[in-house]
Amino acid sequence: MSDEFETVTERVRERVDPDSEERKRLDEVAERLIAQAKAAVTELPVSGDIVQVGSTARGTWTSGDRDIDVFVRFSPDLPREKLETYGLRVGWSVLPDGREEFAEHPYVTGECAGFAVDIVPCYAVESASEIRSAVDRTPFHSEYVTARLDPTLAGEVRLTKGFLKGVGIYGSDLKTKGFSGYLTELLVLEYGSFRSFVETVAQWQLPVEIDPEDHGTRSFDDPLVVIDPTDPERNVAAVCSQTNVSRLIHHTRLFQTDPDTEQFVLDSPDPLSPEKMQQELASRETTPVAVQFDAPDLVDDQLYPQLERSLSGVRGELDRRGFETLRTATFANDSAVLFVECEITERPAIERHEGPPVDAGEHASDFYEKYVDSEAYGPFVDGERYVVERPREFTSARSVLEEAIFSVALGVAVEDVLREGYEVLVGQETAVLADEFGAEFARYFDPKP
């Protein structure tokens, strides 16, 4: 790579590295939270300890990040319901104005001095292979990375995180399906620097498998496999989608060729107006169809898998009915949308249905008897088979969504909401969605790799 690589990355470091004042402020807030959590634990009838985890504990957080994660560890002998009760008690003590959220078990999240704070209970197990809930392994991740990081490597991690954020693939939530902070740290530890990360990833041929401790005990069918150094049976990169891993390869290759600070800046297009969306739709001459409904009251990690399952079911049904979907998308805010762009608007009143070969004995006879007195054209013989031309059940994409949506595979919560009511939008009608999802449709009509 040219010297331009160093020039660009040095400029970016100024942006992603927290300055001394920002570090001091975070340390002060973290110390205060930890002290409050320790004091709250002393009021419990059981013992426990407090540990700060995550990127702010390891010095790999980027400037502007405002997340502090405090874990309350209890003995593995403590019943699950007691862990939840005592964990929430500590959480409410530290964050009296917070709110309860739920992952594998409830925890308290809130704000303190401008920082987003999570107070999470877990079990103090002996090793990550003995975890009783997913969060139990997090302290082991912190211990592993902290023992191997120095200030220089921490800076390389921050640079790499900045790059992943610019591409739009940083985050292991089930909406993003990208790279977690821990995974990013492991990749930098594996490759030694951001430069080496870029050079190596640009040459990846999928699937890629990395086993830092050479201790993996099972195989995975994922595009990227990074065996957890603390758990030989876990793929840290399991959540990464094929698309996002492929996008990373594209962008590292692009950065190798032409380094630019703009590659560290997430593209934020101006929201599309309904009028502009109408123009886009008219120029494409496709038929978009959308199902709009109240968004289920779920956290994103529960909501988006259900939306994607529902979208897949709708797309599959439209394809099966002959409407040939071009592209799909799902969005959620106050409302949720399943958006499918179809290549075909209407289908004829009849459809061809081929039966068995005429010489197929009883099977052929059954087919003939089924249709001989029906409204279908035929049966007649075409080549070796019986054929009928029968009335098509649905002649428009709209009718499929209005009359058959509950026959497709839907997420449970999505189906529950749909049964309370939904709206089907077709063609230019879908432009009204830009009022709520203008930014999302701006990206949809101007897709980037």
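What covers the buried residues of H9? The cover includes H1, H6, helix H8 (194–201) and strand E7 (224–228). The residues of H9 that are buried are Asn 244, Val 245, Leu 248, Ile 249, His 251, Thr 252 and Phe 255. An α-helix has 3.6 residues a turn, so residues three or four places apart point the same way. The length of helix H9 (residues 242–257) can also be checked: its 16 residues should span 22 Å at 1.5 Å a residue, and the end C-alpha atoms lie 23 Å apart, which agrees.

The model under discussion is predicted. Its chain contains 15 helices and 15 strands, and the C-alpha trace spans about 80 × 60 × 50 Å along its principal axes. Of the 449 residues in the chain, 48% are buried. Among contacts between residues at least 6 apart in sequence, 66% join residues at least 24 apart.

Glu 156 pairs with Arg 13, and their closest N and O atoms are 2.9 Å apart. This pair connects distant parts of the chain, since Glu 156 belongs to helix H6 (residues 151–167) and Arg 13 to helix H1 (residues 4–16), 143 residues apart. Both Glu 156 and Arg 13 are buried.

In one, Arg 352 pairs with Glu 354, with 3.2 Å between the closest N and O atoms. Buried residues have under 20% relative accessible area and exposed ones over 50%; Arg 352, at 44% relative accessibility, therefore counts as partly exposed. Glu 354 is likewise partly exposed, because its relative accessible area is 45%.

In the other example, Glu 402 forms a salt bridge with Arg 398, the closest N and O atoms being 3.8 Å apart. Because these two residues are 4 residues apart in helix H13 (residues 397–403), about one helical turn separates Glu 402 from Arg 398. Glu 402 has 43% relative accessibility and so counts as partly exposed; Arg 398 also counts as partly exposed, at 27%. Elsewhere, salt bridges that share partners join Glu 317, Arg 320, Arg 321 and Glu 393 into one network.

Glu 22 is located in helix H2 (residues 20–42). Its relative accessibility is 14%, so Glu 22 counts as buried. Leaving aside residues up to four places away in sequence, Glu 22 touches Trp 61, Ser 63, Gly 64 and Arg 66.

Two packed helices are described by the angle between their axes and the distance between the axes. For helix H11 (residues 300–320) and helix H14 (residues 412–420), the angle is about 70° and the axes are 8 Å apart. Angles of 65 to 115 degrees count as roughly perpendicular, and H11 is therefore roughly perpendicular to H14. At this contact, Gln 306, Leu 307 and Ser 310 in H11 meet Val 412, Ala 413 and Val 414 in H14. The residues of the contact comprise 4 nonpolar, 2 polar and no charged.

Terms used: Residues are numbered from 1 along each chain as its sequence is written. This is a predicted model: local features need pLDDT of at least 70, side-chain atom pairs count only at pLDDT 80 or more; totals for chains, interfaces and linings use all residues. Side-chain values use heavy atoms; hydrogens and water are left out. A salt bridge is a side-chain nitrogen of Lys or Arg within 4 Å of a carboxyl oxygen of Asp or Glu. Buried means under 20% relative accessible area, exposed over 50%, partly exposed in between (1.4 Å probe, protein chains only). Contact means heavy atoms within 4.5 Å. Axes are lines fitted to C-alpha atoms, for helices over the stretch in contact, and angles run from 0 to 180 degrees between N-to-C directions. Angles under 35 degrees count as roughly parallel, over 145 as roughly antiparallel, 65 to 115 as roughly perpendicular and the rest as oblique. Ala, Val, Leu, Ile, Met, Phe, Trp, Tyr, Cys and Pro count as nonpolar, Asp, Glu, Lys and Arg as charged, and the others, Gly among them, as polar. The expected span of a helix is 1.5 Å times one less than its number of residues.
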